[in-house]
Amino acid sequence: MIDNFSNSIALPVSIADIESAATRLNGQVNRTPVFTSHTFNKIANSQVFFKCENFQRTGSFKFRGAYNALSQLSVEQKQQGVLTFSSGNHAQAIALAGQLLGISTTIIMPADAPIVKQEATRGYGAEIIFYERSQTSREELCQQIASDRGSTIIPPYDHPHVIAGQGTTALELIEEVGELDLLLVCCGGGGLLSGCAIATKARSPQCRVIGVEPEQADDAARSFRTKTLQTVDNPDTIADGARTPFLGKLTFPLILHYVDDIVTVSEDAIRKTMFFMWERMKLVVEPTGTLAAAALLENIVKAEGLRVGVIVSGGNVDLKLVNQFFPPIN
């Protein structure tokens, strides 16, 4: 456990920040499609709208927050470059945003990050510095290098401009499909969940917002229930985007204020949902991207007769690892 958070803390991101981010991102991000599935609707006994961020630039929602943050740096900060730590999706997003804005980028990345994400990050022009999860704190290493180089750190989720950028995902969804009864969002460090919750409560006030994370990485669910920040150490989950050790100092109070619940799903549920979305919906979705849908498919969240939004967070799957996701079929 870490320290308690006071309910009186000033909330760092508002709907105005998300609206400003939407204006800033206009023409830079893809307005990703919303898919529906008759088969999924029948299983869930509800009307489900999938906001498909697997079709976003760099293959995940992360580009929204990265571009929003980098575009607001000062001239001096842009000249000094940007540094971050990421297992892949935020890395790619920062790298591409930096390329578009003419900012040099360096990524602290775990040595076991998916190869597809490593290659894409390099392809966008970033320098990668690897570390071993079991031996090194990525945050400490990042601070050390930033101090040496004078670079600005843009963390994966605990940054107001990143959170505001991620919130545009839900803003777009509600603009397209109208008000919702329920929104399900995957949760790692909480940037997407908190940003989407702020946008949803402003645009569809009666909508319940529920975060979903792996059972193996349930720090956010425990934090939500105890109102005390909990941690998890290198969780063994195929949802690599949800392996974050804890919620952030910004995202945690936002989640406590705006989110209605956080639930968890099993590794089997993640695999089952990923296979369903690949096979039946023809959507290439990475394990983390299935978390929200898995909560419906497994009936962990009851949604009978409701209009439900599901954020599909990304589609950066290393296809060489498919045999690790699914057992061989006899």
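Predicted model: local features only at pLDDT ≥ 70, side-chain atom pairs only at ≥ 80, totals over all residues.
Charges first: I counted 28 positive and 34 negative side chains in the protein chain, with the centres of the two sets 5 Å apart. Lys and Arg went in as positive, Asp and Glu as negative, leaving out His and the chain ends; I placed each charge at NZ of Lys, CZ of Arg, CG of Asp or CD of Glu.

Residues are numbered from 1 along each chain as its sequence is written, and side-chain values use heavy atoms, without hydrogens and water.

Next, burial. I get 58% of the 330 residues as buried (under 20% relative accessible area, 1.4 Å probe, protein chains only).

Then I went for aromatics and found four pairs in the whole structure (ring centres of Phe, Tyr or the six-membered ring of Trp within 6.5 Å; planes under 30 degrees apart are stacked, over 60 edge-to-face, the rest tilted). Phenylalanine 40 and phenylalanine 276 have ring centres 5.7 Å apart and planes at 70 degrees, so I logged the pair as edge-to-face. This pair links helix H2 (residues 38-44) with helix H12 (residues 267-279), its partners being 236 residues apart. I read helices as DSSP runs of H or I, at least four residues, numbered from the N terminus. Phenylalanine 40 is buried at 0%, and phenylalanine 276 is buried at 11%. Phe40 and Phe276 also form one aromatic cluster with Phe50.

Key
Buried < 20%, exposed > 50% of the residue type's maximum accessible area, 1.4 Å probe, protein only. Helix = DSSP H or I, 4+ residues; strand = E, 2+ residues; numbered from the N terminus.
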